[in-house]
Amino acid sequence: MFQDIGVSKSLIVEYEKYCENHRITDVVDFSVMVLSSNSWPFSISPSFILPKELESTMNSFTEFYTHRHNGRKLSWLYQHSKGELQTYFTSQKYIVQVSTYQMIVLLLFNKSLTYTVERIQDETQIKLEFLLQVLASLFKSKLLICTDMNDDEYDDDFKETDIKIHYSIRLATDFKK
């Protein structure tokens, strides 16, 4: 297990050189842990549509890894992943750390400031039950606002089942930490 961590660190350095040598510039800043499936008991992530903002990085790393390790299969465990997003829609800039699924939802708002829950589900293909959990966490953090609910409804008694498929969701352009 400890060997996997050391190998992952050197793999990132090699990937950065690979990107330089192949003039790959559309890669987001990221790190990865490549873990042996024999040592780590992980299950496969539920399916969803990967946002275009992350697609090129994932594809170039997968290509790099499969060429370097012919015959090995790379599986992405998104449920164990997180990322940082910077806000550009607020007067003060924030860097927020979010899960991959929260990131997928938040990146949608680069295209439009308002969505229905149904449209978010259509665009992301995240299972509805799980999507409602993700939305509930984003409401509680006040990054997203449900225009069909009052702000005081996000209290301790708030449950993801309170969110309905036809509800309208918008980006909190007045977000403050």
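This is a predicted model: local features need pLDDT of at least 70, side-chain atom pairs count only at pLDDT 80 or more; totals for chains, interfaces and linings use all residues.
Residues are numbered from 1 along each chain as its sequence is written, and side-chain values use heavy atoms, with hydrogens and water left out. Helices (H or I, at least four residues) and strands (E, at least two) are DSSP runs, numbered from the N terminus.

- Three strands make an open, antiparallel sheet in the order 3-5-4; two strands count as paired if DSSP finds at least two bridges between them.
- Strand 3 and strand 4 sit at the edges with a single partner strand each, so one side of each has no neighbour in the sheet.
- From one strand to the next, the twist averages 30 degrees (axes are lines fitted to C-alpha atoms, for helices over the stretch in contact, and angles run from 0 to 180 degrees between N-to-C directions).
- Strand 3 (residues 114–116) is joined to strand 5 by three bridges, and Tyr-115 stands opposite Ile-169.
- Strand 4 also pairs with strand 5 over three bridges, with Ile-145 opposite Arg-170.

**Helix 5**
- Helix 5 lies across strand 4 and strand 5, at about 105 degrees to strand 4.
- Its buried residues (under 20% relative accessible area, 1.4 Å probe, protein chains only) include Leu-131, Val-134 and Phe-139.
- Helix 3 (100–108) and helix 4 (117–124) are among the elements covering them, by contact (heavy atoms within 4.5 Å).
- After helix 5 comes Lys-142, with a positive phi near 70 degrees.

Notes:
Buried means under 20% relative accessible area, exposed over 50%, partly exposed in between (1.4 Å probe, protein chains only).
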